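Good morning, and thank you for coming.

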There are 2 protein chains.
Amino acid sequence: MIRPLARSLPMLALGGSIGTPPEGIRAEVMVVSTFDELSERADEARGRIVLFDAPFTNYGRTVQYRMQGAIAAARAGAVASIIRSVTPYSQQTPHTGTMAYADDVRRIPHAAITVEDAEFIHRAIDRGERVELHLRMEAKTLPDTWSRNVVAELVGSEFPNEIVVLGGHIDSWDVGQGAMDDAGGVVVAWEAVRLMKELGLRPRRTVRVVGWTNEENGLRGGNGYRDQHMDEVDDHVLAMESDGGVFKPAGFGFTGSDAARAMVEDIATLLDRIEAGAMGPGGGGADIGPIMQLGVPGMGLRVDGTRYFWYHHTASDTIDKLDPHEVALSVATMAVMAYVVADMPERLPR
Amino acid sequence: MIRPLARSLPMLALGGSIGTPPEGIRAEVMVVSTFDELSERADEARGRIVLFDAPFTNYGRTVQYRMQGAIAAARAGAVASIIRSVTPYSQQTPHTGTMAYADDVRRIPHAAITVEDAEFIHRAIDRGERVELHLRMEAKTLPDTWSRNVVAELVGSEFPNEIVVLGGHIDSWDVGQGAMDDAGGVVVAWEAVRLMKELGLRPRRTVRVVGWTNEENGLRGGNGYRDQHMDEVDDHVLAMESDGGVFKPAGFGFTGSDAARAMVEDIATLLDRIEAGAMGPGGGGADIGPIMQLGVPGMGLRVDGTRYFWYHHTASDTIDKLDPHEVALSVATMAVMAYVVADMPERLPR
């Protein structure tokens with residue numbers, strides 16, 4: 001016996017999703033915890049809605065179900081796929097984000113439900129019930145339109161052609177306000193440079209703040225920046241990004257040569273007194289990735305990430321989640337590092 | 001210029017709310033932070049929707065806006081009232097709950113919006129914008145229907161007419177699953193008694209577990225229990241309740257004579273090794289309140305309440321929020337106290 005769920009589920013269509021037909025798709029749910037489980041039970045998926053109920057381990061691993069879920073489900077013959085939202089914590093909060101389709105399989109609707117509902121459906125099926133969902137989505141992909149990076153700079157006093165660039169991305173998903181992802185990051189970088197100006201500080205090298213556009217849907221801003229500034233990429237001394245939410249800062253991650261690392265570690269000790277002097281490996285950011293691939297040393301602000309994925313790509317990513325004191329600490333952290341690298345007599349080596 | 005909000009707000013009608021007309025109510029929002037502010041600016045409220053944006057201090061104080069908000073707003077001539085949900089934390093989570101109307105003022109619609117939206121509207125108005133809301137609610141109060149307390153007991157071996165009663169309430173608001181409020185409390189009490197039975201323990205006095213019905217909407221279960229057991233109220237040795245969510249237990253609050261307190265404090269030391277041996281003042285619970293008023297000593301389970309109001313009366317009050325180990329600790333805490341009081345040679349004095 002199929003017992004229809006007698007309520008509507010909080011749900012978000014995933015980026016790139018096609019709409020369902022106006023009457024929706026009504027089908028029985030098949031639940032799996034992993035891609036491997038879907039492979040093993042692929043013969044059960046035909047005509048069904050596949051639910052990927054993959055508990056959060058880390059973002060990189062868990063987000064695979066959002067990215068690749070529709071492809072895997074379609075290959076098995078499913079009519080639609082839904083995922084448990086990518087988060088370690090939920091208050092009935094669906095999370096959106098980008099996803100992929102493949103050319104050789106049908107583009108089926110793909111959506112995210114809440115952790116609570118994914119577990120609820122999973123429990124029901126585990127105890128032998130059949131769960132049917134009526135899926136209706138009105139998401140559609142609109143044609144591209146123009147948007148622009150926002151750029152401001154404090155021109156260097158001695159080496160104006162040498163650049164320290166810092167920023168975040170000004171776009172966000174169309175839920176909430178994108179306060180953590182990544183308006184806060186842009187404000188922190190912007191405020192760091194604004195404070196230099198207000199204090200009458202003009203470093204030897206140019207400090208440039210950028211609000212990169214369209215990170216979420218294809219890195220268009222970061223790629224565009226690289227293309228437009230190709231002639232000065234070699235003079236980018238350092239690229240810094242804040243895109244992990246604004247919480248209490250711990251320091252940075254850094255990607256560059258050993259010689260450069262020794263110098264930035266030395267500078268970072270200035271931040272020890274606000275407990276932000278750490279300099280870990282593997283630093284960077286989505287928006288500065290394109291110029292880092294051309295050899296620019298990269299640095300990403302590291303913050304206490306405990307709650308970042310609670311808000312990431314949700315309606316609850318709103319300005320109240322930012323703590324003014326933690327924002328101020330993050331500004332100080334970015335400002336000190338950017339200023340010293342821009343102002344020191346020698347150029348940061350590659 | 002009025003700028004209409006171009007999106008729908010997550011909202012919950014509050015208990016007792018009447019519906020709005022089918023076409024809804026469209027009016028400008030007036031925001032106040034306190035009842036006092038509404039009194040001072042009462043002349044601005046006529047024809048408006050009053051938003052009470054009162055930040056959470058403690059439940060008792062903040063819930064007054066849910067309870068009394070519609071009365072105060074109607075007295076000032078408002079057409080509807082909305083409140084900031086009663087919670088210290090929000091992920092766009094509206095909270096419902098009971099409310100009051102008064103006979104001498106109009107019964108206007110009353111609803112709860114999220115903390116995020118209350119602050120958003122408040123900020124907009126503070127910077128000079130006018131905010132208009134189109135309020136549509138389909139809430140209605142249905143006629144009463146029958147429900148029943150659920151009662152089970154382990155009859156005492158020596159003084160079967162003397163009773164230790166423990167329990168929680170089996171109803172919840174019609175959002176989420178009521179897992180914290182108060183299914184978890186019922187399960188903890190039930191499990192405490194079930195374990196006694198499984199272990200072959202039969203205390204001298206009767207241990208009775210009760211799932212009280214309809215606590216949320218008028219204490220009908222607790223009042224009914226008192227009325228139906230009036231002839232044995234004097235033989236109720238102790239009444240215990242768990243209605244603060246199931247988290248890590250700290251002990252109990254107790255209301256009774258000094259002589260009884262000395263004894264239960266002594267018993268509670270058995271729980272020190274699981275850090276649940278505290279015995280504070282002012283213990284009790286909504287469901288056992290009616291018999292406590294007739295002289296029965298009362299005890300309420302105390303737990304770490306940090307997150308209780310995150311879930312209270314919301315769609316996110318679901319079973320995943322309970323930690324199995326913390327549930328087990330709470331069961332142990334209730335079981336030890338109930339068993340010793342029921343089994344000790346002397347009767348707990350009044």
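Predicted model: local features only at pLDDT ≥ 70, side-chain atom pairs only at ≥ 80, totals over all residues.

Residues are numbered from 1 along each chain as its sequence is written, while chains are lettered from A and ligands numbered from 1 in the order in which they are written.

Between the chains, 11 residues from chain B meet 11 residues from chain A; two residues are in contact if their C-beta atoms, placed from the backbone, lie within 7 Å. On the side of chain B that touches chain A, helix α4 (residues 115–126) gives the most, with 3 residues; a helix here is a DSSP run of H or I with at least four residues, numbered from the N terminus. That side of chain B comprises 3 nonpolar, 5 polar and 3 charged residues. Ala, Val, Leu, Ile, Met, Phe, Trp, Tyr, Cys and Pro count as nonpolar, Asp, Glu, Lys and Arg as charged, and the others, Gly among them, as polar.

How is chain B laid on chain A? A turn of 180° with a shift of 0.0 Å along the axis does so, at an RMSD of 0.0 Å, superposing by least squares the C-alpha atoms of residues with pLDDT of at least 70 in both copies. This is the relation of a two-fold axis. In chain B, the C-alpha nearest the axis belongs to B:Q91, 3.2 Å from it.

Finally, chain A is assigned domain 1 (9–135) and domain 2 (150–343), with bounds from an automatic or database domain assignment. Their C-alpha centres lie 35 Å apart.

Conventions:
Helix = DSSP H or I, 4+ residues; strand = E, 2+ residues; numbered from the N terminus.
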